[in-house]
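The following paragraphs are intended for a reader who is meeting this structure for the first time. Please keep the sequence and the model in view while reading.

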Amino acid sequence: MTIRVLPDNLINQIAAGEVIERPAAVVKELVENALDAGASEIEVTLRDGGQSMILVVDNGKGMTQEELPRAIQRHATSKLPGDDLFAISTLGFRGEALPSIGAVSRLSISSRAAGSESGAMIAVEGGAVGIAQPAAAGLGTRIEVRDLFYATPARLKFLKTPRAEGDHAREVLERLALSRADAGFSLIEEGRRPVRFAPAPGLIEEARRTRIGQVLGEEFLENSMPVSLSRDHVTVGGMIGLPTHNRPTARQQYLFVNGRPVKDKLLYAAVRGGYGDLLPTGRQPVLALFITLPEREVDVNVHPAKAEVRFRDAALIRGLTVAAIRDALSRDARRAAPSLAPQALAAMRPGQNMTWLHQGSGGSHGGGFHMPSGLPPMSHGSLAFDSAPAARVESAAEVQPEHRLGAARAQVHATYIIAQTQDSLVIVDQHAAHERIVYEQMKAALAEGGVKRQILLLPEVVDLGDVAAGRLAARAEELAALGLMIEPFGAGAVLVREIPALFSQRDIKGLIRDLADEIASYGTAESLREKLEHICSTLACHGSVRAGRLLNGEEMNALLRQMEDMPNSGQCNHGRPTYIELKLADLEKLFERR
């Protein structure tokens, strides 16, 4: 078959297949162009989810009549002053978006450059380029895309409903709005409430927090904490949600690299590593993370859609992201999500089959209500739970201002501790709380004394291949610190002599292969540490005070004090909340006292 050069219209359609897969991709490319042009206000209008029409209007620097024909040529761009693809400071740079859009739609561009008295316009229809001519236009650029994919009708069948396509476009705009808090964004769709993100005032951190509140909502701000950590010219900042403020998918994880919205596997893995065992199984955290590093340390030219990046030092980025999240969580690790309180209050509305209890003089009441008995004070360094409660005492512990979780007042259904603070009521799940305490104590012991090892009676040989075996051998010292002793064993294999004592008869070959895969992807050996922590979590669960166990007053208060001192005590090892706090003001509203 004779080799031929493809015509320009077909080349553009092929390029469009990589860059423009749905209306949201058009919105992304056009809004990024507007931001690169210095726009401070961007308005997007959609019809039929963007299939019938996408209109983007900005107040950027605009284009002249002479520049318009070049703007719709492939690989023509104003964003690369030199030829260095590792010195990119703009969102766009490939010069593919406008010609790709024009190849599959009816495209018109009107623009007026700063300093020009008149504007100009140009039209492209299915790849056929018209002539640029003078036209009335405001300062900036107005781009209208009609009948998307009319020139490639086979692609239309892959589009979803207008509502679903509009949702994708809205998500794209939200991500771009988060990346630039100083700019204003609006989205108008027929039949839906307009979205408006006003420019956020103040310095970058203040403006970013304001914009995060605009996009993710005030509830997220109430259930989140700031992140800030720097190392070797790399900074990780933003806001992360409390572990108890989670979602079923990762849709509300917003990740940015040098202001560019990305969907990067390494960063998603780092987020999971940062939260570790603080999340329930199958749940995802909510966050907005901004990673800033020198331009030459990241390659953004990985894919035409520019949503993927490649880091020069992937291990540093992953490690710093994990450390930043863990540092923030450790600073505020004793909080439970404030949003749990409204849920609890909603479930407590009068008239919904509730049994209202009062404190009497007897020891045990109906409905599983237990008045605690007293015991001599115990050391807060360890908790010991007697099998039976001692004789009840009339006096109760006083509420001390420094006691954030207050003083125990009762136990309900031998499972929940009711405590009183100076301005709230606290309900504690005794098993979940003690499980976290035991688990954190076990992790601390591992960290302080190192991981105890056991020698295998018969060393295990694991065949991996030359490359994977070499990666593991290069990390032998790091693995030894985690209790795993390996050494090279011939071509493409490693010999395992010692393993962490906690692993006992576990799948050693599976562990080694997982470690090799992880090191290949991220350059670190986190899975071993995570497996150790998972075992600790299981042991802590079985070694903690169980639901259904009657506790006396001293035991309950000792548990509260340890929760106040223990990291991550706002949630158990499985990510569930350990307590809920109900403010007195909310309770008074519930009972119509104010």
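The model shown here is predicted. Apart from neighbours within four places in sequence, the residues in contact with Glu-165 are Arg-22, Pro-23, Gly-49, Leu-159 and Lys-160.

The largest nonpolar core comprises 57 residues, and the members that touch the most others are Val-31, Ile-42, Val-44, Ile-109, Val-145, Phe-185 and Ile-212. The greatest contribution to this core comes from helix α2, residues 23-36, which supplies eight residues. Val-44 illustrates how separate parts of the sequence are brought together: when neighbours within four places are set aside, its contacts are Val-27, Val-31, Leu-55, Val-56, Leu-173, Ser-186, Leu-187 and Ile-188. There is also a second, separate core of 31 residues, with Val-234, Leu-289, Ile-325 and Ala-328 among them.

Further along the sequence stands a sheet. Strands of a sheet pair through backbone hydrogen bonds, in either a parallel or an antiparallel manner. Here the sheet is open and has three strands, in the order β24-β26-β25, and the pairing is antiparallel. Strands β24 (453-463) and β25 (485-488) form the edges, each pairing on one side only. From one strand to the next, the twist averages 20°. Between β24 and β26, the latter spanning residues 493-500, there are seven bridges. Within this arrangement, Glu-460 is placed opposite Val-496 of β26.

The last element to consider is helix α16, made up of the 13 residues 553-565. The distance from its first C-alpha to its last is 19 Å, close to the 18 Å expected at 1.5 Å a residue. At its start, Asn-552 places a side-chain oxygen within 3.1 Å of the backbone nitrogen of Glu-554. How many of the residues of α16 are buried? The count is 11 of 13, so the helix is largely enclosed by the rest of the structure.

Technical notes:
Residues are numbered from 1 along each chain as its sequence is written. This is a predicted model: local features need pLDDT of at least 70, side-chain atom pairs count only at pLDDT 80 or more; totals for chains, interfaces and linings use all residues. Side-chain values use heavy atoms; hydrogens and water are left out. Two strands pair if DSSP finds at least two bridges between them. Helices (H or I, at least four residues) and strands (E, at least two) are DSSP runs, numbered from the N terminus. Axes are lines fitted to C-alpha atoms, for helices over the stretch in contact, and angles run from 0 to 180 degrees between N-to-C directions. Contact means heavy atoms within 4.5 Å. A nonpolar core is a set of buried Ala, Val, Leu, Ile, Met, Phe, Trp, Tyr and Cys residues joined through side-chain atoms within 4.5 Å. Buried means under 20% relative accessible area, exposed over 50%, partly exposed in between (1.4 Å probe, protein chains only). The expected span of a helix is 1.5 Å times one less than its number of residues. A polar contact is a pair of N or O atoms within 3.5 Å; within protein, one must be able to donate a hydrogen and the other to accept it, and residues adjacent in sequence count only if both atoms are side-chain atoms.
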